[in-house]
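Please open the model in your viewer and keep the selection tool at hand. We will go from stop to stop, picking a few residues each time.

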Amino acid sequence: MLIAQSDKELAETLILKEKIESHLYFLAGDELLGRETGTQEELIAAQYLATQLHSYGVQQIDGADGYFQHVPMIKTIPPSETMLKVNDEQIGKFVAVNGGNINFNGTAVYLNYGLKEDYKDKNVKDKVVYLKGGSETAQSPQQQFQLMEEKRTLAKKMGAKAVVEFLAINPMIWNYIDHTFNETIIALKSDDDEDDNFNYLIALDNGGKTAEKLSSKTNHLAEIKISGSKKEAFNARNVVAMVEGTDPKLKEEFIIYSGHYDHVGVGKPDAAGDSIYNGARDNVVGITTVLSMAENLAKYPTKRSALFILFTGEEKGLLGSSYYVDNPLIPHNKTVFCFNSDNAGYNDTSKVTIIGLGRTSAEQDIKVAASAFGLEAIDDPAPEQNLFDRSDNVHFATIGIPSPTFSMGFTSFSGKLTETYHQPSDNPDTIDYNYLVQFFKSYVLAGRLIANNPNTPFWIAGDKYENAGKELYKK
């Protein structure tokens, strides 16, 4: 495939190493404390991005607040004091999965697995319900967790005061659970978040001995004290903007250029005492990629229109992209491609790695663009990591929008890459900026080629998201 020389020239004309460095040294600087979702520092990063987009002359979108889409979230702060007694025996290892503060001392009922048939002829109103994890046929940790919402809904419907479920799982898995639920949790806000204080506790039950002991008795007591737990609602921000296309027909089709700007904040210090997780590669490189695209298209628009989205809350569970997909600013059936940019790191500066390269018809445009700047475009070399489904692109793929992720070159998810991935060492002064110049030029040219291609990009036949795409676009 030949590229017009002018297209290549347009793609590289605005990309300068000094400009890339200025974005990275500000957004991944210690002053922004790792841009954790819900912090003042993340808001400063969002304002910086909006200011850059404004300076390029990109357009605001109807339905947004300037360059922002507000994303309602809720922060659950773990309790400062917890205590659980089962029949006067204190339980050492338990966590509160749901609910607020509680001070209960009264009757409990043991209900086997706590499924619908277990409630027959049982009165649990205003009592604590004791359960054992999973069901007769569901005993893996994942299966036990999948049943919890059903058990919680049943117990609440039957008037129970709280639930304590005893999990007979590997202590190593329990340590992960304990760590997760004893940290501040951020999630998208739903209508019933602040009103629902029904308590659901899970406890480690080595060998199932506690559940076995409970099943042999008929009368039970429970004492539960949880205090200091708080829920705080707040608005995070997706940063959004657009450029209208030049073709009278193709401008009705939008290509999304996306990346997430949040990171993991301040955490455990490394050997050098650094506790700020700056996230230069993950994902200031990704959002600078998108800024490069926005600046280019604002000056040299393509035939198709462009939608730029810089997501909040990716590190908290892909929250910003989930919210956007549920609350789109451009109809999904007009959005024909999502060109996401996300990075863990790199270990090969001769390549760009595209997660999902061979899954869409845009493959050749991307390969040609990389080659034009001396790089080789390769597909996911680490399918065992399930990277396609771990970034913001997956929410778009699920509804049918073709959505690969453009990443710095890596040939394995190991070595130099993992030395900086989610580590305080992911700093802007440890990056090869000459490589980034090639990387950004390749992304911009790939975007231009896809956006000017007379053929609308789509999934390759047989892809698992192909049917969703056919339904979305009425193919």
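## Stop 1

Select Arg448 and Asp7: their side chains meet in a salt bridge, 3.2 Å from N to O. A salt bridge here is a side-chain nitrogen of Lys or Arg within 4 Å of a carboxyl oxygen of Asp or Glu. The pair links distant parts of the chain, with Arg448 in helix H12 (residues 433-452) and Asp7 in helix H1 (residues 5-12), 441 residues apart. Helices (H or I, at least four residues) and strands (E, at least two) are DSSP runs, numbered from the N terminus.

Are these two partners buried or exposed? Arg448 is buried, with a relative accessible area of 3%, and Asp7 is buried too, at 13% relative accessibility. Buried means under 20% relative accessible area, exposed means over 50%, and partly exposed lies in between (1.4 Å probe, protein chains only).

Before moving on, a word on what you are viewing: this is a predicted model, in which local features need pLDDT of at least 70 and side-chain atom pairs count only at pLDDT 80 or more, while totals for chains, interfaces and linings use all residues. Residues are numbered from 1 along each chain as its sequence is written, and side-chain values use heavy atoms, with hydrogens and water left out.

## Stop 2

In general, side chains of opposite charge can pair when their charged atoms come close. Now select Lys151 and Glu165, whose side chains form a salt bridge at 2.8 Å, N to O. This pair also links distant parts of the chain: Lys151 sits in helix H4 (residues 141-157) and Glu165 in strand E7 (residues 162-167), 14 residues apart. Both Lys151 and Glu165 are buried.

Next, pick Glu376 and Lys351, a salt bridge of 3.6 Å from N to O. Here two strands are linked, as Glu376 belongs to strand E16 (residues 376-379) and Lys351 to strand E15 (residues 351-355), 25 residues apart. Glu376 is partly exposed at 43% relative accessibility, whereas Lys351 is buried at 15%.

Then highlight Lys8, Glu12 and Lys441 together: salt bridges that share partners join them into one network. How many salt bridges are there by this rule? The count comes to 19.

## Stop 3: a covered helix

Select helix H8, residues 319-326. The buried ones are Leu319, Gly320, Ser321, Ser322, Tyr323, Tyr324 and Val325.

What covers them? Show strand E1 (68-77), strand E8 (185-188), strand E11 (230-243), strand E13 (305-311) and helix H10 (393-398), which are among the elements in contact with the buried residues (heavy atoms within 4.5 Å).

## Stop 4: backbone details

Go to Asp282 and Asn283, which are joined by a cis peptide bond with omega of about 10 degrees. Asn283 is found in helix H7 (residues 280-299).

Asn112 comes next: it is not a glycine, yet it has a positive phi of about 55 degrees. Look for Asn112 in the loop between strand E5 (102-110) and strand E6 (128-132), where it is partly exposed, with a relative accessible area of 27%.

Finish at His422, a residue other than glycine with a positive phi near 55 degrees. Its place is in the loop between helix H11 (416-420) and H12. At 24% relative accessibility, His422 counts as partly exposed.
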